Amino acid sequence: MLRTRLAAAAPVLVLLLAPATAQKPKEGQFRNIELCNDASSLPETRIEACSAFIKAGRGGPSSLAIAYNNRGIAYAAKADYDRAVADFGSAIAIDPAFVKSLNNRGATRLKKGEYDAAIEDFDRAIGLQPAYAGAFVNRAEAWLKKGDYARAEGDYAAAAQLNADMEGAWSGLCWIRAVAGDPQAAMQTCDKAIGAGAHTASTYDSRALAQLKAGRPDAAIADYDAALRIDPKLASALYGRGLAKLRRGKTSSGEEDIAAAKALRIDIAAEFARYAVQ
């Protein structure tokens, strides 16, 4: 379950569009600027355009920092995380107060498993922009990866307070409270997450776990069904639904779900045992 959280959270690689350069660009250079700023472009196209703009050296420091940031986003989209981190670092070297590049580098380090370094980047971004809800969500993800649920919950709560409509914040709180908190409070938080637009497999999966822990197997099955319609191979939803079915006396169907979950993840039973659900 924990491994689905990063996908369920709010987007972490945030595009900052470049302003017009101080010098009037040539036609080809203008096209490079357009493509470098275009989040809908293929990563390879964007990398080529940003590289051409950087190599030409016609933009001011702000434009160059944005070009490095945008190329870093494109590299991250290709899972070329080392180059992405390097580009975000170049953007930060040009503009140390570039909070989006700090957040982006932290997000990429998080994907690389460099949790402490990621937290340092998020700390810097939040220090520069204390109302940056996205950075709080991302730092919460890093705390989750380190197993620090208390700090993760604090960061998710801070993000939700800054942006009441931020689905990633409510979804994260839903997960933590389902795993470690009061089931009723977890279900209320999950309702807020879904109301904010978090119609994701992981959010329904989290609410289902809270329903299961609250002794509501029918409601748990309904939420697990919703999760599995989105992600049919979500092992936690299959296993949880299997347990809920067993509680409703549906032995054969429940055992089928549990077997399917174990085929996907051999550690799934141990994970549920950690959540005090067996």
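User: How are the axes of two packed helices defined, and what angle do helix H10 and helix H11 make in this model?
Analyst: Axes are lines fitted to C-alpha atoms over the stretch in contact, and angles run from 0 to 180 degrees between N-to-C directions. The model is a predicted one. Helix H10 covers residues 167-180 and helix H11 covers residues 183-195. Their axes lie 8 Å apart, and the angle at which they pack is about 160 degrees.

User: Are H10 and H11 roughly parallel or roughly antiparallel to each other?
Analyst: An angle over 145 degrees counts as roughly antiparallel. H10 and H11 pack at about 160 degrees. The two helices are therefore roughly antiparallel.

User: Which residues of H10 and H11 make the contact, and how do they divide by class?
Analyst: H10 passes H11 in a left-handed crossing. On the side of H10 the contact is made by Glu167, Trp170, Ser171, Leu173, Cys174, Arg177 and Ala178, and on the side of H11 by Ala186, Thr189, Cys190, Lys192 and Ala193. By class, this contact has two polar, three charged and seven nonpolar residues.

User: How are helix H5 and helix H6 oriented, roughly parallel or roughly antiparallel?
Analyst: Helix H5 (residues 81-94) packs against helix H6 (residues 99-112) at an angle of about 160 degrees, with axes 9 Å apart. That angle makes H5 and H6 roughly antiparallel.

User: What is the handedness of the crossing of H5 and H6, and how many charged residues does their contact have?
Analyst: H5 passes H6 in a left-handed crossing. Residues of H5 in the contact include Tyr81, Asp82 and Phe88, while those of H6 include Arg105, Arg109, Lys111 and Lys112. The contact divides into seven nonpolar and four polar residues, and the charged ones number five.

User: Is Asp257 buried or exposed?
Analyst: Asp257 is placed in helix H15, residues 251-264. A relative accessible area under 20% counts as buried. With a relative accessible area of 7%, Asp257 is therefore buried.

User: Which residue has a side chain joined to that of Asp257 by a polar contact?
Analyst: Leaving aside residues up to four places away in sequence, Asp257 touches Leu238, Tyr239, Arg241, Gly242 and Lys245. A polar contact of 2.7 Å joins the side chain of Asp257 to that of Arg241.

User: How many helices and strands are in the protein chain, and what percentage of its residues count as buried?
Analyst: The protein chain has 16 helices and zero strands. Among contacts between residues at least 6 apart in sequence, 55% join residues at least 24 apart. Of the 278 residues in the chain, the share that counts as buried is 50%.

Terms used. Residues are numbered from 1 along each chain as its sequence is written. This is a predicted model: local features need pLDDT of at least 70, side-chain atom pairs count only at pLDDT 80 or more; totals for chains, interfaces and linings use all residues. Side-chain values use heavy atoms; hydrogens and water are left out. Helices (H or I, at least four residues) and strands (E, at least two) are DSSP runs, numbered from the N terminus. Angles under 35 degrees count as roughly parallel, over 145 as roughly antiparallel, 65 to 115 as roughly perpendicular and the rest as oblique. A crossing is left-handed if the near helix is turned anticlockwise from the far one by less than a right angle, and right-handed if clockwise. Contact means heavy atoms within 4.5 Å. Ala, Val, Leu, Ile, Met, Phe, Trp, Tyr, Cys and Pro count as nonpolar, Asp, Glu, Lys and Arg as charged, and the others, Gly among them, as polar. Buried means under 20% relative accessible area, exposed over 50%, partly exposed in between (1.4 Å probe, protein chains only). A polar contact is a pair of N or O atoms within 3.5 Å; within protein, one must be able to donate a hydrogen and the other to accept it, and residues adjacent in sequence count only if both atoms are side-chain atoms.
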